[in-house]
Amino acid sequence: MQPFGTAAAWGGIIMAISLAGTAPAAEVTGPTPFGKTADGTEVAVYTLKNKNGLLAKVMTRGATLIELQAPDKAGKLANIVLGFAYVAGYESDRNQYFGCTVGRVCNRIAKGKFKLEGKEYQLAINNGLNHLHGGVKRSFDKVVWKASVANTARDAVVRFSYTSPDGEEGYPGAVKVTATYTLTDNNEIRLDYEATSDKATPVNLTNHSYFNLNGAGAPSVLDHELTVAANSYTPTDDTQIPTGKIEPVKGTAFDFTEPHKIGERIESLLKTAAKGYDHNYVLTKRDKMPTFAAKLRDPASGRVLSVTTTQPGVQVYCGNFLQGQKGKDGKTYAPRSALCLETQHFPDAVNHPEFASIILTPGQTLRESTTWVLSAE
């Protein structure tokens, strides 16, 4: 595999949420205690807020977005991301990567195996026959990150950092990673990722927030309209591992080049391994700066989420395996009641030299940018 090229320079997923109005300076409050992990580690929450009503809460466990309050077309605020009220929920089997930072490698690796520099590595098998989202005990979503407030003159900033030691979850190299959340006075939320390693190692980071723009706990996301800037996707085998092919979406249920309701054509996918949409789209017009990737619209509330990114792909997952678990405020998270738009490099890229490389080598810095823009109409 070739190392990262300049056109796909790694670094920070940037999430920007842009709302109408003139924003005063944003502020951070916290840390606020959020409970302890099973091993007794304290977990804290930071709240980023401005006077326009935008509010985001982030947690040190997993550098996780646990709440996002956004206005609808009438100006009414609602939390639009799935999550729990206490850290115990995130440590339970009810948690399905809600809002977390995923790594070292998001998505799937076939049979948990890959070869690098002549050596074969075996990772945990935690998703059928495959490895998923970095492992089972010390993946990035499950560790408690260090946090610091790093405000600028106008912006509210919380920076999370974590050093993953050599061999953690079976991966080579010690990896230093930061995830920085910034709320600006222009109603932007940015999440910047940076990572370095002292050995060659695969790294593929994403954020795993589940959205329902009608409010977390609304019964379905199938009535949301979705547009994806992708003329092709990576088909998978019956264990959801890419075949290595890149196929056109035209004429298939995967075609969202024009807006369609998520539930409009989903029936044809219900008998597949994914049980609906859980597929990587090959995005068009990639650049060093974030480029349009997707748009999600809820006709009922009028909320619109637009996504731009420098990443080459986006995993569209409509919550097929949600369990009806109880979340924050007693809300029930039914199957297909939320959508993830996970900007990323392609699944199992470490085993597909035809895909853009996810190998981070000494002397390189991983950088990536994603922008989320929220509006109402």
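Let me begin with a definition: a residue is called buried when its relative accessible area is under 20%, exposed when it is over 50%, and partly exposed in between, with a 1.4 Å probe and protein chains only. What I am showing is a predicted model, in which local features need pLDDT of at least 70 and side-chain atom pairs count only at pLDDT 80 or more, while totals for chains, interfaces and linings use all residues. Residues are numbered from 1 along each chain as its sequence is written, and side-chain values use heavy atoms, with hydrogens and water left out.

I will start with the chain as a whole. It holds one helix and 30 strands, where helices (H or I, at least four residues) and strands (E, at least two) are DSSP runs numbered from the N terminus. The radius of gyration is 19 Å, close to the 21 Å that the globule rule gives for 377 residues, so the chain is as compact as a globular protein of that length; here the radius is taken over C-alpha atoms, and the rule is 2.2 Å times the number of residues to the power 0.38. Along the principal axes, the C-alpha atoms fill a box of roughly 55 × 45 × 40 Å. Of the 377 residues, 57% are buried. If we take contact to mean heavy atoms within 4.5 Å, then among the contacts with a separation of 6 or more, 68% are between residues 24 or more positions apart. The accessible surface, from the Shrake-Rupley method with a 1.4 Å probe and, for residues, only the protein chains shown as cover, comes to about 14800 Å², and 51% of that belongs to carbon and sulfur atoms.

Next, a sheet. Five strands form an open sheet in the order E20-E17-E22-E23-E30, with antiparallel pairing. E20 and strand E30 (370-376) stand at the edges with a single partner strand each, so one side of each is left without a neighbour in the sheet. Two strands are taken to pair if DSSP finds at least two bridges between them, and strand E22 (residues 291-297) and strand E23 (residues 303-309), which run antiparallel, are joined by six. One of the residues to look at here is alanine 294, whose bridge partner in E23 is valine 307.

Now to the aromatic side chains. Rings of Phe, Tyr and Trp (its six-membered ring) pair if their centres lie within 6.5 Å, and planes under 30 degrees apart count as stacked, over 60 as edge-to-face and the rest as tilted. By this rule the count comes to 17 aromatic pairs. Phenylalanine 34 and tyrosine 90 form a tilted pair, 6.4 Å centre to centre with 50° between the planes. This pair links distant parts of the chain, with phenylalanine 34 in strand E1 (residues 27-36) and tyrosine 90 in helix H1 (residues 87-91), 56 residues apart, and both residues are buried. Tyrosine 233 and phenylalanine 254, by contrast, form a stacked pair at 4.3 Å centre to centre and 25° between the planes, and both of these are buried as well.

Which residues form one aromatic cluster? They are Phe34, Phe84, Tyr90, Phe98, Tyr210, Tyr317 and Tyr333. Within that group, phenylalanine 98 is found in the loop between H1 and strand E6 (101-102), and phenylalanine 98 is buried, with a relative accessible area of 0%. Residues that phenylalanine 98 touches, not counting those up to four places away in sequence, include Phe84, Tyr90, Tyr210 and Tyr333. Phenylalanine 98 and isoleucine 66 are 32 residues apart in sequence and 7.6 Å apart in space, C-alpha to C-alpha.

Finally, some backbone details to check in the model. Most residues other than glycine have a negative phi, and most peptide bonds are trans. A cis peptide bond joins glycine 30 and proline 31, with omega about 10°, and proline 31 has its place in strand E1. Glycine 103 and arginine 104 are also joined by a cis peptide bond, again with omega about 10°, and arginine 104 is found in the loop between E6 and strand E7 (108-109). Glutamate 169, although not a glycine, has a positive phi of about 55°, and at 16% relative accessibility glutamate 169 counts as buried. Aspartate 329, also not a glycine, has a positive phi of about 60°, but aspartate 329 is exposed, with a relative accessible area of 63%.
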